[in-house]
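Please go through the model shown here from the whole chain down to single residues. The paragraphs below are meant to be read with the structure open.

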Amino acid sequence: MPYIPFTDEQKQLANSVDLAEYLRVRGEKLERAGIEHKLIYYDSSGKHDSITIRGSKWFDHKNQTGGGAIKFMQEFYGMDFQTAVQELLGQRVTPLSHSPPKAIAKEEKKEFKLPEANSNMHRVYAYLIKQRFINPNIISHFAKQHTLYEDKEHHNAVFVGVDENGVPRQAHKRSTNSYGNSFRITCEGSDTRYSFAHFGESKRLYVFEAPIDMMSFLTLYPKDWQKHSCIAMNGVYENAVLTALKSHSNLSEIVLCVDNDEGGIEAVDRLRDILNENGYSNVKRLAPPYKDWNEVLKAKNGAPALPAVPNKHKEEYHRQVGNLQYLKCRPDKLTSQIYAAFKNGQYKYLAEYALALYH
């Protein structure tokens with residue numbers, strides 16, 4: 001394909017395309033999930049919905065990758081940069097529904113198999129205790145449950161998710177290496193309906209992004225922790241949480257303990273909407289004072305800790321909502337007030353009302 005010198009404005013416009021609307025028009029199937037959409041696709045192993053879309057942004061919760069509209073076209077439809085930008089700008093149209101994403105092609109049925117276990121857990125214990133400051137008793141509890149162990153080949157920490165019968169269905173590996181980039185991956189063939197968790201007898205379920213966050217929280221608040229339930233999502237994907245709630249009828253109170261950063265703050269609203277849609281209205285938010293619960297644990301032990309990362313867009317939104325002054329709308333007068341605003345050209349009233357309604 002000949003090189004096309006796109007301007008920076010064209011590239012920015014292409015990358016800001018509303019992906020949900022774009023894919024729906026072209027025949028792809030999407031399902032609403034709170035303030036996001038899920039891309040639904042099928043292969044020999046069944047239905048998949050691990051890719052969530054919000055505006056021009058997408059995230060693949062299974063493979064822990066994401067980005068903008070251009071990267072989506074490159075990743076899932078195998079397009080080069082030029083073709084992707086042309087497609088998104090509407091300069092050419094390929095029937096995408098007849099050209100399945102690479103995700104479908106490579107999502108062949110693979111047998112789930114736990115990594116071979118090492119004869120001991122020395123490196124996992126050393127890593128979690130010395131670098132992550134997690135209570136050894138917490139580590140031992142999950143080791144005895146066979147939901148935490150050390151793999152033989154690379155000495156990674158392996159966190160296991162089991163089904164209602166205690167059968168391993170999912171595994172997440174995390175490097176214990178002190179140097180270089182940390183390695184995290186979900187094992188092939190894993191069933192995302194299950195994840196690393198503990199289930200107690202109380203009505204409360206604590207929800208975390210990662211296993212280490214969950215174990216850090218239990219270290220910080222050890223009193224009677226086994227009475228309650230807790231689960232790690234491996235991101236902010238709700239699949240395992242919904243499965244856990246349906247499988248444990250005693251659970252009715254959900255506490256979202258996700259990271260205190262931009263992604264975690266946005267995930268709270270999305271997860272709350274999804275939980276409400278599934279009949280769970282008792283949803284609370286418990287934010288760590290630092291970026292995540294392990295950073296809190298680090299700070300408590302005198303180690304350098306990453307601070308919380310504010311969500312500037314949400315802060316600005318709340319600031320604007322706090323300054324509302326034009327439209328004081330009564331539900332019983334809604335139709336007449338909107339009509340009057342249109343008739344009189346009071347568009348700022350309508351903008352403020354929309355903002356207040358979303359709030």
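This is a predicted model: local features need pLDDT of at least 70, side-chain atom pairs count only at pLDDT 80 or more; totals for chains, interfaces and linings use all residues.

Residues are numbered from 1 along each chain as its sequence is written, and side-chain values use heavy atoms, with hydrogens and water left out.

The chain contains 14 helices and 14 strands. The chain has 359 residues, of which 45% are buried. Buried means under 20% relative accessible area, exposed means over 50%, and partly exposed covers what lies in between, with a 1.4 Å probe and protein chains only. Among contacts in the chain with a separation of 6 or more, 62% are between residues 24 or more positions apart. A contact here means heavy atoms within 4.5 Å.

Start with helix α1 (residues 8-15) and helix α4 (residues 81-89), which pack at an angle of about 70° with their axes 9 Å apart. That angle makes α1 roughly perpendicular to α4. Axes are lines fitted to C-alpha atoms, for helices over the stretch in contact, and angles run from 0 to 180 degrees between N-to-C directions. Angles under 35 degrees count as roughly parallel, over 145 as roughly antiparallel, 65 to 115 as roughly perpendicular, and the rest as oblique. From α1, the residues Q10, K11, L13 and A14 meet F81, V85, L88 and L89 of α4. By class, the contact of α1 with α4 has six nonpolar residues, one polar and one charged. In this scheme Ala, Val, Leu, Ile, Met, Phe, Trp, Tyr, Cys and Pro are nonpolar, Asp, Glu, Lys and Arg are charged, and the others, Gly among them, are polar.

A second pair is formed by helix α8 (residues 211-220) and helix α11 (residues 293-300), whose axes come within 7 Å and cross at roughly 45°. The two helices α8 and α11 are therefore oblique to each other. The crossing of α8 past α11 is left-handed, a term used if the near helix is turned anticlockwise from the far one by less than a right angle, with clockwise giving right-handed. On the α8 side the contact is made by I212, D213, S216, F217, T219 and L220, and on the α11 side by W293, N294, V296, L297 and K300. Sorted by class, the contact of α8 with α11 holds six nonpolar, three polar and two charged residues.

Turning to charged side chains, the structure has 16 salt bridges. A salt bridge is a side-chain nitrogen of Lys or Arg within 4 Å of a carboxyl oxygen of Asp or Glu. In one of them, R270 pairs with E238, the closest N and O atoms being 2.8 Å apart. This pair links distant parts of the chain, with R270 in helix α10 (residues 262-277) and E238 in the loop between β12 and α9 (239-247), 32 residues apart. Both R270 and E238 are buried. E238 and R270 also belong to a network of salt bridges with E36 and K38.

Helix α10 is also where D269 and R272 are found, three residues apart and so separated by about one helical turn. Their side chains meet in a salt bridge at 3.8 Å, N to O. D269 is partly exposed at 25% relative accessible area, and R272 is partly exposed at 25% as well. In another salt bridge, D163 and R169 bring their closest N and O atoms to 2.8 Å. D163 is buried at 10% relative accessible area, whereas R169 is partly exposed at 37%.

Most residues other than glycine have a negative phi. H155, in the loop between β6 (148-150) and β7 (157-162), has a positive phi near 60°. H155 is buried, with a relative accessible area of 17%. D224, in the loop between α8 and β12 (229-232), has a positive phi near 55°. D224 is partly exposed at 40% relative accessibility.

Lastly, N137 sits in helix α7 (residues 136-144) and is exposed at 59% relative accessibility. N137 and P222 are 85 residues apart in sequence, and their C-alpha atoms are 9.9 Å apart in space.

Technical notes. Helices (H or I, at least four residues) and strands (E, at least two) are DSSP runs, numbered from the N terminus.
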